[in-house]
Protein chains: 2
Amino acid sequence: MSKRIGKRTIRFEHTIGIRSAAAVTGKKESEGPLSTYFDQTFTDDTLGEATWEKAESRLQTTAASIALQKTGLDSHSVDVILAGDLLNQCISSTFGLRSLEIPFLGQYGACSTMAQTLLVGSILTDACAADRVMAVTSSHFCSAERQFRLPIEYGGQRNLTAQWTVTGAGAAILERDYPTCIITEGTIGKIVDMEIKDACNMGAAMAPAAADTIAAYFQDTGSCPSDFDLILTGDLGHIGSELLIELLQKQNYVIADRHDDCGKKIFYREEQDVHAGGSGCGCCASVFCSEIWQKLCAGELTNILFIATGALMSPTSSMQGESIPSIAHLLHIRHQ
Amino acid sequence: MSKRIGKRTIRFEHTIGIRSAAAVTGKKESEGPLSTYFDQTFTDDTLGEATWEKAESRLQTTAASIALQKTGLDSHSVDVILAGDLLNQCISSTFGLRSLEIPFLGQYGACSTMAQTLLVGSILTDACAADRVMAVTSSHFCSAERQFRLPIEYGGQRNLTAQWTVTGAGAAILERDYPTCIITEGTIGKIVDMEIKDACNMGAAMAPAAADTIAAYFQDTGSCPSDFDLILTGDLGHIGSELLIELLQKQNYVIADRHDDCGKKIFYREEQDVHAGGSGCGCCASVFCSEIWQKLCAGELTNILFIATGALMSPTSSMQGESIPSIAHLLHIRHQ
């Protein structure tokens with residue numbers, strides 16, 4: 001049975017291992033620093049599909065298939081899929097995963113979805129409500145641009161605080177009593193709204209949510225930054241990461257020497273002209289399900305915090321003058 | 001600890017009671033057959049807000065507040081909120097519930113959201129990952145019409161198979177070891193796609209998903225329709241309900257004498273000109289969190305199945321020629 005630690009942290013009783021993980025990405029990501037870690041990359045971002053939305057669905061289908069292949073199991077060995085994405089009504093997930101015929105619980109946490117699906121999956125697995133759970137998410141630069149911003153054909157100039165939506169998907173399979181890459185604790189995020197309204201500066205909108213969840217975890221568990229090899233946030237990018245470090249410093253948590261961010265890691269900032277870094281559900285999904293999972297399995301990372309952040313807005317809410325509420329969910333993951 | 005029964009059903013170890021529930025609706029719903037059961041109704045569907053989306057958020061805020069008031073607890077007594085809705089990026093939930101400052105896990109199940117949030121909430125509560133969980137969802141006729149169909153000012157003629165999106169919200173508070181209105185089992189739905197493409201006939205698209213989940217529950221548990229007072233589906237409406245009865249009849253499950261549907265119950269079909277009945281996340285949320293919860297508490301209902309169905313499509317997927325994948329999640333709920 002799970003155990004509540006403090007107000008928001010859950011400690012798992014069982015050994016919840018990430019048995020398998022897979023990441024697939026598009027062309028730009030394959031030219032970035034993490035290319036060798038990805039399971040598959042596509043040089044044609046349409047993936048042979050007629051629309052960007054169908055291409056994004058195929059990213060999920062592919063990541064889920066590869067994650068399954070690595071286990072040698074068939075899809076019926078997975079009891080529940082937890083998945084979500086940024087597209088309206090989460091169609092990338094529902095269309096991308098419908099053929100698997102696995103019981104499905106759609107999750108919406110915007111770019112925090114990879115952490116949310118892993119966290120809810122850990123609770124289900126620990127509770128014996130499922131023996132094996134798959135967590136999946138994705139994003140696609142072109143489907144996100146036209147839904148959230150402007151048609152890509154418009155060629156609009158991007159703000160220097162803007163981030164570049166990653167074309168990619170990640171899938172991970174959790175299994176109870178699997179002894180490698182173990183999720184030991186999770187902290188559920190609160191909606192934090194600092195009244196930031198600039199949809200071209202998501203890092204600034206999301207950093208307070210990350211700081212809130214990380215501080216809550218430290219308080220709940222009595223741990224401190226130096227207990228961990230790596231404190232890895234989802235897609236704060238270069239600007240949001242600086243703000244997070246400052247916000248936690250004010251609470252006397254010094255994380256700068258062990259913090260990194262998936263939005264910083266996935267692209268070469270200058271050479272790839274990505275301004276403030278990568279973003280989108282697929283950003284931390286493809287980084288976590290490739291380099292991070294592989295290094296945790298190999299023991300190159302032994303004890304990390306993974307915190308994915310999400311901006312819970314829509315183009316409609318922004319047009320109606322609303323601010324950008326944000327959220328961050330946290331996982332504590334150990335080599336073994 | 002939860003126990004898996006068969007492939008898809010979860011039996012809860014603890015007594016997971018629905019301690020409180022509240023339903024709020026708009027004007028048309030207040031003129032329907034269930035008006036006396038609702039906690040609050042609004043004669044002005046704007047709820048005093050400048051936009052339909054903000055009005056829908058206020059429905060959630062109000063339902064959550066009333067559900068909390070009934071317990072006499074403050075919001076910090078709730079460990080987790082599970083919520084979602086039909087609006088792009090689920091903004092009705094995130095904006096409607098942000099002020100509560102409760103750890104938040106966004107759920108996306110389209111119109112199955114009320115059952116999904118209650119089901120995931122039961123797992124979290126049973127696992128001791130939370131002591132108390134709130135499940136919330138909503139829909140609004142005007143925000144749904146303009147997002148999924150046409151601006152209401154256009155005055156488009158509605159197909160006779162079309163359903164009328166309910167303006168309403170429901171909120172329920174689950175508590176471990178609370179001895180009334182007990183959720184004993186849940187079955188997680190699979191995505192079922194029978195290649196139906198008519199977005200004006202959601203009942204037909206969703207009925208196969210409901211049949212699939214209900215049959216799975218009967219098979220997993222060895223139960224049969226006559227074991228229950230009521231088998232209540234979410235928003236299949238008049239047409240989908242007939243199809244469900246037929247589909248289950250083919251598997252030798254006769255439910256007609258104890259089946260009802262929230263989309264049939266909430267409006268007077270002819271007098272209120274709703275064609276095939278009510279729909280939307282708020283349909284079964286407002287019916288379940290009012291009449292059904294009250295009758296379960298009073299012992300007028302003693303043993304029911306509640307199955308909410310969702311259509312996992314978007315206007316974009318329909319415009320791209322896609323079919324309508326659907327899902328249904330089931331709960332078995334007893335008076336005590």
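**Notebook: strands, helices and the A–B contact**

I began at β14(A), where Ile304(A) has Ile333(A) as its bridge partner. The model is a predicted one, in which local features need pLDDT of at least 70 and side-chain atom pairs count only at pLDDT 80 or more, while totals for chains, interfaces and linings use all residues. Residues are numbered from 1 along each chain as its sequence is written, and chains are lettered from A and ligands numbered from 1 in the order in which they are written.

**Entry on β14(A)**

I took helices (H or I, at least four residues) and strands (E, at least two) as DSSP runs, numbered from the N terminus. I counted two strands as paired if DSSP finds at least two bridges between them. Strand β13 (residues 303-311) of chain A pairs with β14(A) in the antiparallel sense, over nine bridges. Strand β9 (residues 182-187) of chain A is also antiparallel to β14(A), joined by five bridges. There I noted Leu330(A) in β14(A) as the bridge partner of Thr187(A).

For burial I used C-beta atoms placed from the backbone: a residue is buried if 20 or more others lie within 10 Å of its own, exposed if 12 or fewer, and partly exposed in between. Strand β14 (residues 326-334) of chain A has eight of its nine residues buried, so it is largely enclosed by the rest of the structure.

**Entry on β6(A)**

I next looked at strand β6 (residues 132-139) of chain A, where eight of eight residues are buried. Arg132(A), Met134(A), Val136(A) and Ser138(A) point one way, Val133(A), Ala135(A), Thr137(A) and Ser139(A) point the other way, and all are buried. In a regular strand the side chains alternate between the two faces of the sheet.

β6(A) pairs with β4(A) in the parallel sense over six bridges, and Ile81(A) stands opposite Met134(A) there. With strand β8 (residues 168-176) of chain A, β6(A) pairs in the antiparallel sense over eight bridges. In that pairing I found Thr137(A) opposite Gly170(A).

**Entry on the core**

Two residues are in contact if their C-beta atoms, placed from the backbone, lie within 7 Å. Not counting residues up to four places away in sequence, Ile81(A) touches Leu97(A), Leu100(A), Ile102(A), Phe104(A), Met134(A) and Val136(A).

A nonpolar core here is a set of buried Ala, Val, Leu, Ile, Met, Phe, Trp, Tyr and Cys residues joined through C-beta atoms within 7 Å. The largest such core has 231 residues, and those with the most contacts inside it are Ile81, Ala171 and Ala172 of chain A and Ile81(B), Ala171(B) and Ala172(B).

I checked helix lengths against an expected span of 1.5 Å times one less than the number of residues. Helix α2 (residues 52-71) of chain B has 20 residues and reaches 29 Å from first C-alpha to last, close to the 28 Å expected. Of its 20 residues, 15 are buried, so α2(B) is largely enclosed by the rest of the structure.

Leu68(A) counts as buried, with 21 C-beta neighbours inside 10 Å. Leu68(A) lies 105 residues from Ile173(A) in sequence and 7.7 Å from it in space, C-alpha to C-alpha.

Helix α7 (residues 237-249) of chain B has 13 residues and should span 18 Å; its end C-alpha atoms are 18 Å apart, which agrees. Its buried residues are Gly237(B), Ile239(B), Gly240(B), Ser241(B), Leu244(B) and Leu248(B). I found them packed against elements of chain B including α6 (202-221) and β10 (230-233).

Lys250(A) lies in the loop between α7 (237-249) and β11 (259-261) of chain A. Lys250(A) is exposed, with 9 other C-beta atoms within 10 Å.

**Entry on the two chains**

I noted that 50 residues of chain A are in contact with 50 residues of chain B. On the side of chain A that touches chain B, the largest share, five residues, comes from α4(A).

I superposed the copies by least squares on the C-alpha atoms of residues with pLDDT of at least 70 in both. Chain A can be laid on chain B with an RMSD of 0.0 Å by a turn of 180° and a shift of 0.0 Å along the axis. The two copies are thus related as by a two-fold rotation axis. Of the interface residues of chain A, 100% are also interface residues in chain B, so the copies meet through the same surface.
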